[in-house]
Amino acid sequence: MGDQNITRRRLLGTAGAAGAAGVLAGGAGGAAGYAAADPAPAALTSVGADAVAFHGTAAAPQQAGITTPAQAVAHLVAFDLAAGADRARAAALLRRWSRAAEAMTAGRAPDDDDQVALDAGPSSLTVTFGFGRSFFSRTGLTSRLPADFTPIPPFSSDALDPARGGGDLWIQIGADDPLVAFHALRVLQRAAAGTAAVRWQMNGFSRTPGATAKPRTVRNLMGQVDGTNNPKPADHDFRSALFVAGRPGGQAWMNGGSYAVVRRIRMLLDPWEQQPLARQEAVIGRRKSDGAPLSGGTESTPVDLDRMDRDGTLAVAGDAHIRVAAAQSNDGAKMLRRPFSFHDGFDPDGTPDAGLLFVAWQAAPLNGFIKVQRKLDSADALSRFIRHESSALFAVPPAARPGEYVGQGLLEG
Ligand SMILES: C=CC1=C(C)c2cc3[nH]c(cc4nc(cc5[nH]c(cc1n2)c(C)c5CCC(=O)O)C(CCC(=O)O)=C4C)c(C)c3C=C
Ligand SMILES: [Fe+2]
């Protein structure tokens, strides 16, 4: 019985139901019996069938891929405009990109499709577009640069590779199926031909839906529960911390948008894994097994930064990551962390090239990432075990309205 189940699962897994029936027609009697009993293609599971709306709403005007739960796989890709590509050509590109993204996120084939994802559902595909500061000078739009679009300053612990940072344009692709994600990446790259070329590209992953018995906060490659104390939609300041609000004299094309900080952060896994569990937990300030703060309670218990242990020491150490990064330690600075893990193989000496594609969202970088990283740079116990290897910052406008394209307010406003 067990063997029969495995056989059937493998056939369905490799060829799909229709293909399996074809294979089975000339196969052993027992297997053919399955085909006869179950000839219809199985319905898409929830993973393939789930779609995330490309357009925003009045209450949530931001692009998809910011508050959307992180999907199983991600591609981050930055483009530079080709020499001579002006504002009109950039606008035509954003129109092509938006049209393709709208189709693919709804599970439809884009124009001139290569059929790579033909059999798959939308698989929670999101495609999020952003503009780098260099885009504005390249297209003669410097008068439209928002005052809050401040460059990220250098930090003492940076080890940045400029070739893997910056960029005129940025796309974040997320999907619960790797073929769907790659398809979107390739379609969008082809649509850019002649107008923009890839500057850098990174591949990330998170947990696959259904991999845990109940939805849980994801773990990173250091084994920590990561994302617990992110801003929550129910927080009174959720929208004001993450999204640009209209204000007199501001750049209206960014209203409802957000700023994305993108950093490739290598984890120094060999030294990290040599630390005793108690040390690893002290570095973060949370228990590794369940993410509970060292000040007590469960994962969701608010951290008590003043709590003293019986021996008179702080329960959450002075240099613990969650203390140094906390809004209370940074004049209320907040960001939504929506990272993906990466693993790009091993260095020649066996050192893993793995870590976090750190993506942080905020209404103004100076009141979010920049303020917190200034503090982490000098005071964070975690910094001995990580290395920031690339950096980029993008203005991510609100979602396109039906019939419009992302960034239309900037390019045609
Ligand atoms: C500048 C901002 C931050 C960087 C860079 C950063 C890197 C980084 N963080 C972890 C692991 C964890 N971070 C956690 C919490 C946390 N981290 C930041 C900011 C940065 N992290 C903030 C604002 C917070 C929340 C602090 C709070 O108020 O409690 C945690 C704990 C669980 C959680 O709340 O998510 C972990 C674990 C890694 C591995 C890393 C770089 C590789
Ligand atoms: Fe962190």
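## Basis of the report

A polar contact here is a pair of N or O atoms within 3.5 Å; within protein, one of the two must be able to donate a hydrogen and the other to accept it, and residues adjacent in sequence count only if both atoms are side-chain atoms. This is a predicted model, in which local features need pLDDT of at least 70 and side-chain atom pairs count only at pLDDT 80 or more, while totals for chains, interfaces and linings use all residues. Residues are numbered from 1 along each chain as its sequence is written, chains are lettered from A and ligands numbered from 1 in the order in which they are written, and side-chain values use heavy atoms, with hydrogens and water left out.

## Ligand 1

The shell around ligand 1 holds 27 residues, of which G227, T228, N229, H321 and R337 come nearest; a residue is near a molecule or strand if one of its heavy atoms lies within 4 Å of it. Oxygen atoms of ligand 1 take part in several polar contacts. With N229, the distance from a polar backbone atom to an oxygen atom of the ligand is 2.8 Å. T228 places a backbone N or O atom 3.1 Å from an oxygen atom of ligand 1. For R337 a polar side-chain atom is involved, 2.8 Å from an oxygen atom of ligand 1. On its own, ligand 1 has 780 Å² of accessible area, and the protein covers 96% of that. Accessible areas come from the Shrake-Rupley method with a 1.4 Å probe; for residues, only the protein chains shown count as cover.

Two or more residues of the shell come from each of β5 (258–267), α10, β8 (352–362), α11 (369–379) and β9 (386–396). The element that gives the most is α11, with 4 residues. Helices (H or I, at least four residues) and strands (E, at least two) are DSSP runs, numbered from the N terminus. By residue class, the shell has 16 nonpolar, 8 polar and 3 charged members. In this count Ala, Val, Leu, Ile, Met, Phe, Trp, Tyr, Cys and Pro are nonpolar, Asp, Glu, Lys and Arg are charged, and the others, Gly among them, are polar.

## The chain as a whole

The protein chain has 12 helices and 9 strands. Of its 413 residues, 47% count as buried; buried means under 20% relative accessible area, exposed over 50%, and partly exposed in between (1.4 Å probe, protein chains only). The accessible surface of the chain is about 19,300 Å², and carbon and sulfur atoms account for 54% of it. Among contacts (heavy atoms within 4.5 Å) between residues at least 6 apart in sequence, 78% join residues at least 24 apart.

## Annotated domains

An unreviewed UniProt entry lists "domain: Dyp-type peroxidase N-terminal" for residues 63–205. That span is 27% helix and 22% strand, with its end C-alpha atoms 20 Å apart.

The UniProt annotation "domain: Dyp-type peroxidase C-terminal", also from an unreviewed entry, covers residues 218–400. Here the chain is 19% helix and 22% strand, and the end C-alpha atoms lie 30 Å apart. UniProt positions are given in the numbering used here, feature names are shortened, and annotations may be inferred rather than shown by experiment.

V225 sits in the loop between β4 (196–205) and α7 (238–242), and it counts as buried because its relative accessibility is 14%. Leaving aside neighbours within four places in sequence, V225 contacts T217, V218, R219, K288, D290, G291 and E299. Its C-alpha atom is 28 Å from that of P122, which is 103 residues away along the chain.

G296 belongs to the loop between α9 (277–284) and α10 (321–325). With 30% relative accessibility, G296 counts as partly exposed. The C-alpha atoms of G296 and V316, 20 residues apart in sequence, are 9.8 Å apart in space. S341 is in strand β7 (residues 340–346) and counts as buried, at 7% relative accessibility. Beyond four places in sequence, the contacts of S341 are N203, G204, F205, N220, L221, G355 and L356.

Most residues other than glycine have a negative phi. D112 has a positive phi, near 50°, and lies in the loop between α4 (87–105) and β2 (126–131). S123, in the loop between α4 and β2, has a positive phi of about 55°. D112 is exposed, with a relative accessible area of 72%, whereas S123 is buried, at 2%.
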